[in-house]
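Thanks for making the time this morning.

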Amino acid sequence: VQNLQNHGGIFIYLENRDEFADCIRQLAPENGWEPLWCTSPIMQRFLAKHGIDYSETHVEGQKIISITDCECLVAQTGSIVLSETQAGSRQAYSTPDILLVVAMTGQIVGGLKDAFNLIKDKYQDYMPAQLTIVSGPSRTTDIEQTTVMGVSGARQVAVFLIDEE
């Protein structure tokens with residue numbers, strides 16, 4: 001949690017899936033996280049089951065708020081490991097202005113080696129074409145050494161960690 005927050009990410013702990021549904025219903029309008037864009041089949045089923053509006057496509061020129069699940073969270077670095085296989089699309093994590101990631105406590109691994117082993121075990125027959133590691137909002141430094149956020153990626157990253165039941 002501390003590593004994610006040190007990188008500028010937002011962390012929200014929830015006791016169960018119903019609490020997450022209530023949380024996203026409240027936080028989405030409060031934080032301007034609408035409309036939600038979702039390409040992850042697992043997340044789409046969850047959102048539909050709980051009556052949470054989302055779109056499978058995003059509108060060009062409009063702020064993109066992507067909500068997806070993840071492969072795992074890496075405790076050592078505070079990073080999120082994502083793949084197009086799980087997210088349903090590479091665009092789900094490469095193009096949004098705001099990236100909302102949903103994870104379960106059982107998806108936390110110690111380090112990157114553990115993350116790669118988990119993925120190798122999960123996808124024995126078919127490895128994802130791309131894995132992406134996100135360690136917080138996008139940032140870069142301009143010519144005057146000033147840090148600039150959100151230039152080539154998400155300006156805001158929030159992780160919702162749900163305690164497994």
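**Aromatic pairs in the chain**

The chain has six helices and 11 strands, where helices (H or I, at least four residues) and strands (E, at least two) are DSSP runs, numbered from the N terminus. Please keep in mind that this is a predicted model, in which local features need pLDDT of at least 70 and side-chain atom pairs count only at pLDDT 80 or more, while totals for chains, interfaces and linings use all residues. Residues are numbered from 1 along each chain as its sequence is written, and side-chain values use heavy atoms, with hydrogens and water left out.

Of the 165 residues, 45% count as buried, buried being under 20% relative accessible area, exposed over 50% and partly exposed in between, with a 1.4 Å probe and protein chains only. If contact is taken as heavy atoms within 4.5 Å, then among the contacts with a separation of 6 or more, 69% are between residues 24 or more positions apart.

Now to the rings: how many aromatic pairs does a search of the whole structure find? The search finds three, counting rings of Phe, Tyr and Trp (its six-membered ring) whose centres lie within 6.5 Å, with planes under 30 degrees apart called stacked, over 60 edge-to-face and the rest tilted. One of them joins Phe20 and Phe160 edge-to-face, at 5.3 Å centre to centre and with 70° between the planes. This pair links distant parts of the chain, since Phe20 sits in helix α2 (residues 17–31) and Phe160 in strand β11 (residues 156–162), 140 residues apart. Phe20 counts as buried because its relative accessibility is 1%, and Phe160 counts as buried because its value is 0%.

Phe160 also forms an edge-to-face pair with Trp33, at 6.2 Å centre to centre and 85° between the planes. Trp33 lies in the loop between α2 and β2 (36–37) and Phe160 in strand β11, so this pair ties together parts that are 127 residues apart in sequence. Trp33, at 2% relative accessibility, therefore counts as buried. Taken together, ring pairs link Phe20, Trp33, Phe46 and Phe160 into a cluster.

Finally, a word on Cys23, which lies in helix α2 and counts as buried because its relative accessibility is 13%. Leaving aside neighbours within four places in sequence, Cys23 is in contact with Ile12, Leu14 and Phe160. Cys23 and Phe160 are 137 residues apart in sequence, yet 9.4 Å apart in space, C-alpha to C-alpha.
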